[in-house]
Protein chains: 4
Amino acid sequence: MLRAAIIGASGYTGGELSRILCNHPEIELTAATSRQYAGKALSEVFPNLLRKTDLLCENLSVDELSERADLFFAAVPHKTAMDLVPQLMQDGKKVVDLSADYRLRDVATYEEWYQKHSSPEFIAEATYGLPELYREQIKRARLVANPGCYPTSIILGLAPLLQQGIIDPSTIIVDSKSGATGAGRSASVGSLFCEVHDGFRAYKVGGTHRHLPEIEQELTVLQKSDVKISFTPHLLPISRGILSTTYANLNVNVSYESVHQIYTDTYQDEPFIRLLPKGSFPATQHVRGANFCDIGYAIDQRTNRIIIVSAIDNIVKGAAGQAVQNMNLMCGLSETCGLEGAPFFP
Amino acid sequence: MLRAAIIGASGYTGGELSRILCNHPEIELTAATSRQYAGKALSEVFPNLLRKTDLLCENLSVDELSERADLFFAAVPHKTAMDLVPQLMQDGKKVVDLSADYRLRDVATYEEWYQKHSSPEFIAEATYGLPELYREQIKRARLVANPGCYPTSIILGLAPLLQQGIIDPSTIIVDSKSGATGAGRSASVGSLFCEVHDGFRAYKVGGTHRHLPEIEQELTVLQKSDVKISFTPHLLPISRGILSTTYANLNVNVSYESVHQIYTDTYQDEPFIRLLPKGSFPATQHVRGANFCDIGYAIDQRTNRIIIVSAIDNIVKGAAGQAVQNMNLMCGLSETCGLEGAPFFP
Amino acid sequence: MLRAAIIGASGYTGGELSRILCNHPEIELTAATSRQYAGKALSEVFPNLLRKTDLLCENLSVDELSERADLFFAAVPHKTAMDLVPQLMQDGKKVVDLSADYRLRDVATYEEWYQKHSSPEFIAEATYGLPELYREQIKRARLVANPGCYPTSIILGLAPLLQQGIIDPSTIIVDSKSGATGAGRSASVGSLFCEVHDGFRAYKVGGTHRHLPEIEQELTVLQKSDVKISFTPHLLPISRGILSTTYANLNVNVSYESVHQIYTDTYQDEPFIRLLPKGSFPATQHVRGANFCDIGYAIDQRTNRIIIVSAIDNIVKGAAGQAVQNMNLMCGLSETCGLEGAPFFP
Amino acid sequence: MLRAAIIGASGYTGGELSRILCNHPEIELTAATSRQYAGKALSEVFPNLLRKTDLLCENLSVDELSERADLFFAAVPHKTAMDLVPQLMQDGKKVVDLSADYRLRDVATYEEWYQKHSSPEFIAEATYGLPELYREQIKRARLVANPGCYPTSIILGLAPLLQQGIIDPSTIIVDSKSGATGAGRSASVGSLFCEVHDGFRAYKVGGTHRHLPEIEQELTVLQKSDVKISFTPHLLPISRGILSTTYANLNVNVSYESVHQIYTDTYQDEPFIRLLPKGSFPATQHVRGANFCDIGYAIDQRTNRIIIVSAIDNIVKGAAGQAVQNMNLMCGLSETCGLEGAPFFP
């Protein structure tokens with residue numbers, strides 16, 4: 001049994017990692033850290049886990065922590081992560097970092113959007129943990145930078161088109177909508193039930209969300225030239241789910257069928273990508289609780305644009321589920337192990 | 001006291017018209033028709049209206065109806081409306097038609113998107129009921145075609161920019177999200193609580209929603225040349241509210257401040273347009289229950305695009321409230337009469 | 001014009017008071033205090049109020065405040081209220097206190113459930129602000145203790161039965177469910193959207209909620225003998241609304257019709273009580289945003305019990321609306337002034 | 001591999017059975033019937049199941065159906081079930097009937113609350129499928145009457161107390177709240193999103209819900225004397241979940257600790273009952289998607305009453321999950337097989 005530990009278990013991502021791992025047949029969950037809830041049962045912090053785990057939340061130093069597991073999930077905010085990861089790496093551990101700290105390959109870009117990086121030497125060692133693009137590298141990686149939730153939904157939707165060069169990258173516009181788990185479990189007025197419920201709003205309008213450089217980095221790799229996009233996030237009154245609606249001008253006159261063939265060729269062996277039939281489009285409630293990314297698309301002949309709609313559960317394929325998928329790959333387990341459950345609907 | 005009647009009072013738009021009109025100081029609500037609920041109290045169909053109205057729902061012929069009021073709200077589906085309106089017009093009545101039947105000035109376009117038109121001769125007489133654009137014509141009109149909900153939010157957001165010619169109309173992309181009242185009060189599996197709640201989806205992707213020709217008609221008038229846009233509607237798990245996020249490339253290098261000046265110049269005397277301060281963006285929960293259209297905007301320098309976010313309550317400014325605003329104008333009442341209530345939050 | 005001020009304007013009750021008062025024709029809202037948001041526009045704290053009020057939130061001493069208005073709404077937590085009210089009273093002002101500080105007539109009971117009382121001498125001067133029971137006293141009062149939200153829904157449901165002595169008070173069980181505005185606008189993990197949404201829970205089970213002594217105080221007055229009840233509050237995933245389901249054994253064999261007559265006799269002239277017809281029961285969504293208390297009842301012959309279901313909007317009839325109703329009475333205005341709007345549904 | 005079939009796969013219970021069974025390691029799901037959706041893929045009717053099942057919905061006669069599986073889940077409405085079950089039984093099949101048709105042991109009671117029974121001879125053969133009470137009988141049963149959702153939550157909460165005789169059964173009052181999946185997937189105005197969302201209501205007030213005789217039947221068995229209760233169902237604006245708050249007078253002066261001991265003695269080996277620690281109470285969001293029944297309790301010394309709060313996912317432990325638990329028992333599989341997933345929160 002592989003021993004795994006969660007650093008930062010009391011947030012929504014930590015809770016979801018706990019939910020998935022407590023049923024994972026090849027993993028023993030050996031530690032869960034939380035400064036705020038140290039000493040409390042994890043099942044008190046997340047009462048859904050009662051009877052599923054006996055772990056206590058602990059406040060451990062990296063030294064103490066390091067001995068407790070073979071693989072670590074860093075589910076802490078950026079900045080905190082990069083202060084922990086180097087020592088775990090030096091101790092020979094494997095790490096899936098769910099923060100942003102090792103996602104951006106260019107230190108200057110990281111420091112422009114976040115803050116000074118305390119361990120830039122590990123950036124080169126990190127693999128961007130999107131298995132659909134980097135599966136072989138992930139298998140060999142010791143440090144995986146788990147992608148952001150918005151980037152996962154957007155990159156998976158655009159990758160086949162960019163790889164085939166059939167859209168004009170300068171026309172890409174992405175309108176994304178996220179559930180409230182994306183805002184985390186910290187107490188803040190803006191995340192209160194009464195502020196979010198029965199409402200909808202845009203935020204970080206005008207290209208100011210920190211996921212933007214991450215998205216553009218990967219789209220640029222796929223397009224093999226510099227890509228700049230418009231990206232607007234919105235807050236949905238749901239707990240789980242991201243749906244991204246992406247628009248791009250077509251370079252060439254292509255039919256729906258040939259686009260469908262491109263997606264099928266790219267994704268037919270992917271265990272967690274579901275392409276919807278013509279005329280069907282994703283809904284967040286159909287991926288709820290599971291690791292799927294659902295993708296649908298239409299061509300608007302009138303404007304010569306393609307519209308791609310992609311949906312994930314933001315704390316599963318957009319965070320904890322993808323992290324477990326990465327762990328499976330890094331540790332030689334079946335890629336889908338522990339992630340086979342069907343989405344919950346309704 | 002002006003006598004007003006609602007044709008089709010049992011849908012959500014009819015219910016909202018009833019709610020507004022039962023408190024309107026210059027109106028006597030004299031009839032409410034419903035085939036399905038004939039004989040029932042309107043306050044049984046809408047229990048929120050108990051003690052606010054004693055009207056019974058009736059199933060009346062147009063002849064019977066015509067005598068009962070001076071102004072009629074047609075809150076019935078398209079097709080049904082155009083079978084009723086001509087006789088009311090011939091009887092010398094005023095009509096605010098909330099269906100799509102008289103919105104499109106080109107009969108051929110109407111017939112392409114809907115069905116054969118049974119009274120095309122009245123199309124020319126109809127005024128498009130967006131007071132911010134057609135106030136003077138509405139004051140003189142006998143037949144007002146009340147705008148669709150999506151079009152209201154989109155046209156109001158784009159009008160100042162198109163009038164000033166500062167955006168490239170071929171680059172307009174509109175990503176709209178609507179609450180579930182937009183789907184009406186008919187029983188259908190897709191509108192059940194469990195299908196909509198805690199979820200989010202796109203529909204009519206690829207330029208197939210019937211509001212598209214209406215939107216393009218008005219944008220074309222504003223731009224003074226043919227405008228074609230991309231438009232994707234989505235279904236939000238909320239009852240009331242539309243939020244439209246609109247993207248367009250700027251023709252010229254303009255600052256936020258000059259854009260703000262353009263909006264201010266256009267809308268400063270409008271009673272129902274609220275321009276948000278820099279860095280603030282609309283939320284549907286802040287217009288809930290009221291006739292406002294809130295608008296915010298940002299310029300993304302990186303891509304030279306402007307992003308406009310506009311929000312309305314889809315059954316108030318997007319339907320019943322705007323219809324009352326039109327009635328006020330048509331009947332010489334104060335434009336805001338009966339519409340002064342502040343939005344409800346939370 | 002009466003000058004009114006809100007002390008503690010940034011909570012949900014303060015926001016609702018602002019919404020109601022900014023449309024009240026006989027009131028000028030002259031001050032809104034908030035320590036946290038001092039200097040900010042009230043319409044920034046509550047963006048729904050944009051264009052409806054130009055007030056700034058201020059942090060004022062009681063001295064400064066006292067000059068600014070004739071009547072004050074204390075919408076601050078208990079303890080804070082009793083530190084402010086005495087001076088306002090000494091300055092000859094009228095006060096509607098929405099906290100619990102002057103609701104309990106017995107100081108010892110107050111101190112058992114809350115904390116030491118700093119101005120017990122004003123308790124005797126305070127009138128319990130339930131107009132349906134204490135209208136004449138409220139008209140003469142200078143200090144009104146606005147009832148709690150749960151108590152309002154429960155006392156109004158039981159009053160006619162207790163006054164007629166037809167139920168056994170020792171068998172009263174009240175199962176109440178409240179929307180999340182009841183938990184206030186302070187940041188706390190338990191009130192986050194993701195904790196409340198799509199869920200339901202009981203809290204303060206076993207007779208430990210602070211509204212219990214308030215409820216029993218008033219039921220005891222009505223019954224004219226000591227009443228002890230069971231009361232369990234629950235948290236609903238809605239913003240506004242309380243629904244209380246109350247059970248009691250009947251002392252006598254009474255028909256539905258005679259019970260209905262008792263309710264009708266008691267409440268027929270009440271502007272804000274709506275008795276539902278036989279077989280109909282209240283729903284929170286039908287009182288949303290308005291000052292009504294809806295009441296329905298059934299007799300279960302099998303068990304000889306009566307079940308009373310009562311619903312209010314907890315921040316209107318359960319807080320801000322009832323406070324305005326009290327103000328209207330205290331100041332000689334029409335009791336319903338500013339409170340005529342119909343509930344909004346859906 | 002056991003071959004299992006679902007009769008009536010397109011409702012919410014059928015969909016949840018499909019979700020559970022498509023991941024059940026010992027079962028092959030061989031048929032799914034639906035008159036309405038015959039010919040459609042089950043994953044089109046429930047898009048969450050895409051890639052998890054290839055079954056088509058079929059419209060089969062009982063003859064055709066009978067050959068297709070060894071065990072049948074009847075997830076059709078009452079009346080329809082009793083017209084299908086007898087032939088399956090005669091063909092030597094095992095049946096878990098999720099309708100009400102074989103739950104009531106007294107035919108007269110059934111016919112009073114439902115309609116004439118067409119196969120009363122099978123009632124005696126049916127076992128009431130609450131494993132916590134009837135485990136050994138279920139293991140030997142060929143026909144299991146799967147309990148109703150409300151009864152499951154209520155009976156499990158009361159059983160230990162009735163068995164010990166410590167409460168007065170004539171004082172039992174049950175106030176239950178259910179999510180909207182309980183109303184089924186049929187199109188009806190009352191179940192529309194806009195009617196249910198952001199609201200709360202009671203229904204079937206006064207002892208008229210059809211689950212009442214089922215609840216009383218089982219409580220009477222446990223108490224060993226006739227039990228009559230008050231029961232009020234309510235509709236919650238959530239998809240999944242039932243929470244029942246139950247009140248009863250204590251016969252004797254017992255401490256919380258001795259009550260806790262009674263519950264622990266009764267349920268300590270039960271895989272799907274979770275007793276909450278003192279001061280903690282269930283929440284529907286903590287059992288969402290799983291087969292647990294969570295139970296908490298408090299004693300109100302002031303009134304000498306015990307209050308029991310129990311929560312289940314109404315379509316899992318209240319329907320599909322319990323049906324699979326019964327199947328496991330009937331077929332000699334591990335009782336928890338296919339039901340090990342943790343509840344998902346948030």
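The points below go through the predicted model, from the fold of one chain to the interfaces and then to single residues.

1. On conventions, residues are numbered from 1 along each chain as its sequence is written, while chains are lettered from A and ligands numbered from 1 in the order in which they are written. Since the model is predicted, local features are given only at pLDDT of at least 70 and side-chain atom pairs only at pLDDT 80 or more, whereas totals for chains, interfaces and linings use all residues.

2. Chain A contains eleven helices and 14 strands, where helices (H or I, at least four residues) and strands (E, at least two) are DSSP runs numbered from the N terminus. Its C-alpha atoms fill a box of roughly 60 × 45 × 35 Å along the principal axes. The radius of gyration of chain A is 20 Å, which agrees with the value near 20 Å for a compact globule of 346 residues; the radius is taken over C-alpha atoms, and the globule rule is 2.2 Å times the number of residues to the power 0.38.

3. Of the 346 residues in chain A, 61% are buried, a residue being buried if 20 or more other C-beta atoms lie within 10 Å of its own, exposed if 12 or fewer, and partly exposed in between, with C-beta atoms placed from the backbone. Among the contacts in chain A with a separation of 6 or more, 71% join residues 24 or more positions apart; two residues are in contact if their C-beta atoms, placed from the backbone, lie within 7 Å.

4. Within chain A, helix α6 (residues 131-140) packs against helix α11 (residues 316-330) at an angle of about 35°, with the axes 9 Å apart. Here axes are lines fitted to C-alpha atoms, for helices over the stretch in contact, and angles run from 0 to 180 degrees between N-to-C directions. The contact uses A:Pro131, A:Arg135, A:Ile138 and A:Lys139 from α6(A), and A:Gln325, A:Asn326, A:Leu329 and A:Met330 from α11(A).

5. Between chains B and A, 39 residues of chain B are in contact with 39 residues of chain A. On the side of chain B that touches chain A, at least two residues each come from β8 (173-178), α8 (193-196), β9 (201-202), β10 (230-235), β11 (242-249), β13 (293-300) and β14 (305-312) of chain B. This side divides into 19 nonpolar, eleven polar and nine charged residues, where Ala, Val, Leu, Ile, Met, Phe, Trp, Tyr, Cys and Pro count as nonpolar, Asp, Glu, Lys and Arg as charged, and the others, Gly among them, as polar.

6. The contact of chain C with chain B takes 25 residues from each of the two chains. Helix α1 (residues 12-21) of chain C gives the most to the side of chain C that touches chain B, with three residues, and that side divides into eleven nonpolar, eight polar and six charged residues.

7. B:Pro237 is found in the loop between β10 and β11 of chain B, and B:Pro237 is buried, with 24 other C-beta atoms within 10 Å. Leaving aside neighbours within four places in sequence, the contacts of B:Pro237 include A:Pro237 and A:Ile238 as well as B:His197 and B:Phe200.

8. Two kinds of backbone geometry deserve a look in the model. Most residues other than glycine have a negative phi, and most peptide bonds are trans. The peptide bond from A:Phe345 to A:Pro346 is cis, with omega near 0°, and the bond from B:Phe345 to B:Pro346 is cis, with omega near -5°. A:Lys204, which is not a glycine, has a positive phi of about 50° and lies in the loop between β9 (201-202) and α9 (211-223) of chain A. C:Asp198 has a positive phi near 55° and counts as buried, with 24 C-beta neighbours inside 10 Å.
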